[in-house]
Amino acid sequence: MKNLRDVWSSRFMHYIGEVQKYMRFIFTGHIAIVLVFLIGAGGYQYSEWLKIVQPDFPAEVLIAVAVGILLAFSRPTSLLREPDQVYLLPLESKMSQYFKKALAWTFWSQVWVVAIVYIVSIPLLKAVTELTTSEIWSVFLLIIILKFLSVQGEFSYRYSERGQMIWVDRLIRAVIFGVTVYMALQMQLILAIVAAAVGCVYIVIFRKKCAGEPIPYEHFVKLEQNRMMSFYRFANYFTDVPHLRGSIRRRGWLDWLYKFVAYKKDNAQKYLVFRTFVRTDDHFYLWLRLTVISAVIAAFVDIPVVTWVIAGALSFATTIQLKSALLSSGEFRMDMLYPLPDEARTVAVNQIVRLAMITQAIVVGLCGITQPMFYVTFIIILVVSELTSKVSKS
């Protein structure tokens, strides 16, 4: 048996390779353009808002709440696999070596999120508070330390409690760390230290409960499977993930939509494709999320060019991915037994995709109705969608 540190290292390299394989499909040219415009527009809106923000704006409370929540979500990345429940069982007494490296990666892979959020909030702190530069960066260092403690704390809680009621643990840590950050921003150092000490005591309690407890392999394996499945579902929005099977839900509250497909023989494929779109999580949530993103940008970004570029890019992404997903069902279907024309499914998919994109255009257009030339966004979504559908492979 390899040294457990070597086991972690080999799995880590495999994990990085797996992530990189799909990330090259995610961060393509059009996504990069969208991100550049989105970050630029967000930065511009933020800087303009800082010029008019009121001195009594509760920046400390807002930042403390946001940072406290981000600190509380510290799910450990164990990279454990199902066979480990058997093969690593004899090495249970030495698994601390493995988990030490796992928690180190968990910390470094998550700390940048809370760090970026706090760094982005620094101009707001300078605009509405009297904190000096050294005080602001001292709080930043405190947040990094709290993140390390939170990673250790969530792991200890999951270890000792087998992951039961994890939301209670996260709520407690969010409150404790949020109060700590708030007191630090208020320069109430003694109260901040007391709050941090309470958090340390809370974490130590569960750390001691881990002593003598068997490793909850089943919980950590399931946690790891769910984490990777979330990544694969996200990657599936940009490229096909072969081993990913989307779950099916009835969504009875949308049954009324099927009435829009007339009951006749020629609409058999259209009805089946529409039903597939509504009931398949990957297809439905792909359209829903990209529509919501586009709608939010249209509603809050008052730079028309940015809204148009992003709406067009998301329209392209929605159309090409939705069409590919609906056409790629290669498994046996009952409709294959019926004498329907070969092109019937392709025609049906094009009709359903067009209907979905018209709905997206209406939603985005209505959300941006207060913005100048909002109707251009509606037109861009429809034109880009139609052109993408025409030139993409059937």
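On a 1 Å grid over the protein atoms alone, a cavity is a set of points where a 1.4 Å probe fits but cannot get out. The model you are looking at is predicted, so local features need pLDDT of at least 70 and side-chain atom pairs count only at pLDDT 80 or more, while totals for chains, interfaces and linings use all residues. Residues are numbered from 1 along each chain as its sequence is written, and side-chain values use heavy atoms, with hydrogens and water left out.

**The cavity**

- The structure holds 1 cavity of 30 Å³ or more.
- The largest cavity has a volume of about 70 Å³, where a volume is the space filled by probe spheres set on the grid points, which are joined across faces, edges and corners.
- Its lining (residues with an atom within 4 Å of a point) has 13 residues, and Thr307, Gln371, Pro372, Phe374 and Thr377 lie nearest the centre.
- Helix H12 (304–327) and H14 each supply at least two lining residues, and H12 gives the most, with 3 residues; helices here are DSSP runs (H or I, at least four residues), numbered from the N terminus.
- By class, this lining has 8 nonpolar, 4 polar and 1 charged residues; Ala, Val, Leu, Ile, Met, Phe, Trp, Tyr, Cys and Pro count as nonpolar, Asp, Glu, Lys and Arg as charged, and the others, Gly among them, as polar.

**A pocket to explore**

- A pocket is an open set of points with protein on both sides within 12 Å along at least five of seven lines, and the second largest pocket has about 790 Å³ of space.
- Among the 22 residues that line this pocket, Arg75, Ser109, Gln110, Trp112 and Arg227 lie nearest its centre.
- Helices H1 (4–26), H5 (95–128) and H9 (217–235) each supply at least two residues of the lining, with the largest share, 6 residues, coming from H5.
- The lining of the second largest pocket divides into 13 nonpolar, 5 polar and 4 charged residues.

**How H13 and H14 pack**

- The axes (lines fitted to C-alpha atoms over the stretch in contact, with angles from 0 to 180 degrees between N-to-C directions) of H13 (residues 344–367) and H14 (residues 374–391) come within 8 Å and cross at roughly 165°.
- That makes H13 roughly antiparallel to H14, a label for angles over 145 degrees.
- Contact means heavy atoms within 4.5 Å, and the residues that meet include Met357 and Ile358 in H13 and Phe378 and Ile381 in H14.
- The residues of this contact divide into 9 nonpolar, 6 polar and 2 charged.

How values were computed: Parallel < 35°, antiparallel > 145°, perpendicular 65-115°, else oblique.
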